[in-house]
Amino acid sequence: MNTSIDFAGIHLHNRVLVASGTFGYGNEAAAFTDLRSIGGIVTKSVSRLPRHGNQPTRIAETPAGMLNSIGLANVGVEAFIADKLPFLRTIGTSIIVNIAASSIDEYCDVLERLDDEDGIDGYEINVSCPNVKEGGLNFGTRCEMTETITREMRKRTRRALIVKLTPNVTHIADFARACEAEGADAVSLINTLVGMAVDVNTRRPKLSTITGGLSGPAIKPVALAKVYEVSKVVAIPIIGIGGIMTWEDAIEFMLVGATAVQIGTANFRDPDSAVKIARGMEAYCKEHNIEDIQELVGSMRVAGDITAPGFVNVVRQA
Amino acid sequence: MSIVNTAFPVESNELVAQDTWALRFRSPELATMLLPGQFLNILTDDGVDPLLRRPYSISNIYGDLCEILFTVVGKGSGLLSRKRPGDHIGVLGPLGNTFGYTKDFATALIVAGGIGVAPFPLLTTELLQRGRPVLTFLGARNASKVVTRGLVNVHIATDDGSTGYHGTITECLGDFLAGNVIDDAMIFACGPTPMLNSVRDFALDHELRCELSLESEMACGIGICQGCPIERCNCEEAYALVCTEGPCFDARDIKFHEHQLR
């Protein structure tokens, strides 16, 4: 039974990665799981300079979900290379560095700096953080900005280039198509949905930034629909993200078109989630006599012709 | 140190004061590892609502049994209060640092507000074993919320004066120290953030050594979500994480945001 895949120079020994911002730089979780058994680690976002992150309160739990407003707290690219990358190199799984920035120049600088270092298999470009004042969502909600960033990143690296898309747009498929056209090797989706919560006793927002990013099982149906939508318009691999808590959730994402998945909020509940989910997926394949897990990708069975007139579907015809 | 991430059957769950429960589960491994001030991140339900674990201080250890003390404030703690012997809870720990109870001081002044009393029975046990005198100052909203189990030399203050000193626990402590000479004291405090802030101010004004055990909204409890920052004092790095660098902090090293005090 094969769970691995190679694309754009990345070898994933299974289809389960951990999502940026939900697993630190790997070392923090080392005592809680077998890092090597994770298909790939997407690091906490790295920006040019260290970022302190937002004031407390940064977290609020909501029904079957959570809001966060961390504000891209990170050590900055130099400290990442000096202090975090050496450990990541020793793990023996694919390492994808998530890059966040507030200008195109910053994206370029960070990527160029990282591209000098070995031990990095690819980059995930964060154009979709809802919790920072500059950059963040501004890039991810304007198609021409997403396009420009992808193009500039592509010029600067031969390593795998993944663009992480936000669902906070009218047609996410347009953004995915733009990324593919500009040379991205994959897209990952979805980042968090903008949300908020209010304390009725104090009449104050629960988060210091008022709004934040919603994640967890509450957003899984939205994420599935977005992955499905994108899968109809691009040929590059899609990495599905959004509320995956169990191996069944992960299989669902593969059925609608994801080549791999990222585990995010589930890591907060159980830092061993990714490994448990990967094992569950493997057991599912064995039970269903699936020789290569790739068979599952986009294999959802749909009755009828979804291109027929009048068929209600999120997918717009190109 | 190894980490436990396991479901344990509840041994007992007892109402010890109004809305306040003492829950015990059996784990020889955790019972030998847990130290005063550390916490456990507890999953109250297998479902996804509540989604996240809840951090609880280890309150006391009885042989192989670990005890947490909690009040019912929301859905998670409500579920926990309904756990009966044989029901399971998911436990991740030990997490966080410990109180500095091995430091060099003569007398420990324990200052607790409300359910902030939780970590102190175990701390008291450790201090008494080391021959350190302990004085305890315990604040509560009213008499029905007072929990004194596992504590010694307890001075009580209530907001409504229904028992003990009528006023805040910091005022109670201040009055006591004004009338009694305690040499080389060290404060260990836990409670609501506004109370911790007043204890912090008191300690800094009187040049008393003081450690605060903080509470915070928290998702992971292990330093990966970055969700529980506390502002540092006199340090280049703006924030510490309550879960991994705390929950116990020297009062001089941290400060509270204005909006944490509301």
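Helices α4 (residues 169-179) and α5 (residues 193-205) of chain B have axes that come within 9 Å and cross at roughly 25°. That makes α4(B) roughly parallel to α5(B), a label for angles under 35 degrees. The axes are lines fitted to C-alpha atoms, for helices over the stretch in contact, and angles run from 0 to 180 degrees between N-to-C directions. This is a predicted model, where local features need pLDDT of at least 70, side-chain atom pairs count only at pLDDT 80 or more, and totals for chains, interfaces and linings use all residues. Residues are numbered from 1 along each chain as its sequence is written, while chains are lettered from A and ligands numbered from 1 in the order in which they are written.

**The helix pair in chain B**
- On the α4(B) side you'll find Ile169(B), Thr170(B), Leu173(B) and Gly174(B), which meet Met195(B), Ser198(B), Val199(B) and Phe202(B) in α5(B).
- Being in contact here is about C-beta atoms, placed from the backbone, that lie within 7 Å.
- Sorted by class, this contact has five nonpolar, three polar and no charged residues.
- Ala, Val, Leu, Ile, Met, Phe, Trp, Tyr, Cys and Pro count as nonpolar, Asp, Glu, Lys and Arg as charged, and the others, Gly among them, as polar.

**The sheet in chain B**
- Chain B has an open sheet of seven strands with antiparallel pairing, in the order β4-β3-β7-β1-β2-β6-β5.
- Strands are DSSP runs of E with at least two residues, helices are runs of H or I with at least four, and both are numbered from the N terminus; two strands pair if DSSP finds at least two bridges between them.
- At the edges stand β4 (54-57) and β5 (60-62) of chain B, each with a single partner strand, so one side of each has no neighbour in the sheet.
- Ignoring direction, neighbouring strands of this sheet are turned by 40° against each other on average.
- Look at β2 (residues 20-26) and β6 (residues 65-71) of chain B: they pair in the antiparallel sense over seven bridges, and Thr20(B) stands opposite Thr71(B) in β6(B).

**Where the chains touch**
- Chain A puts 34 residues into the contact and chain B puts in 26 residues.
- In chain A, β5 (59-62), β6 (65-68) and α8 (266-269) each supply at least two residues of the side that touches chain B.
- That side of chain A has 16 nonpolar, twelve polar and six charged residues.

**Chain A overall**
- Chain A comes to nine helices and 16 strands.
- The C-alpha atoms of chain A fill a box of roughly 50 × 45 × 40 Å along the principal axes.

Definitions and conventions:
Contact = placed C-beta atoms within 7 Å. Parallel < 35°, antiparallel > 145°, perpendicular 65-115°, else oblique.
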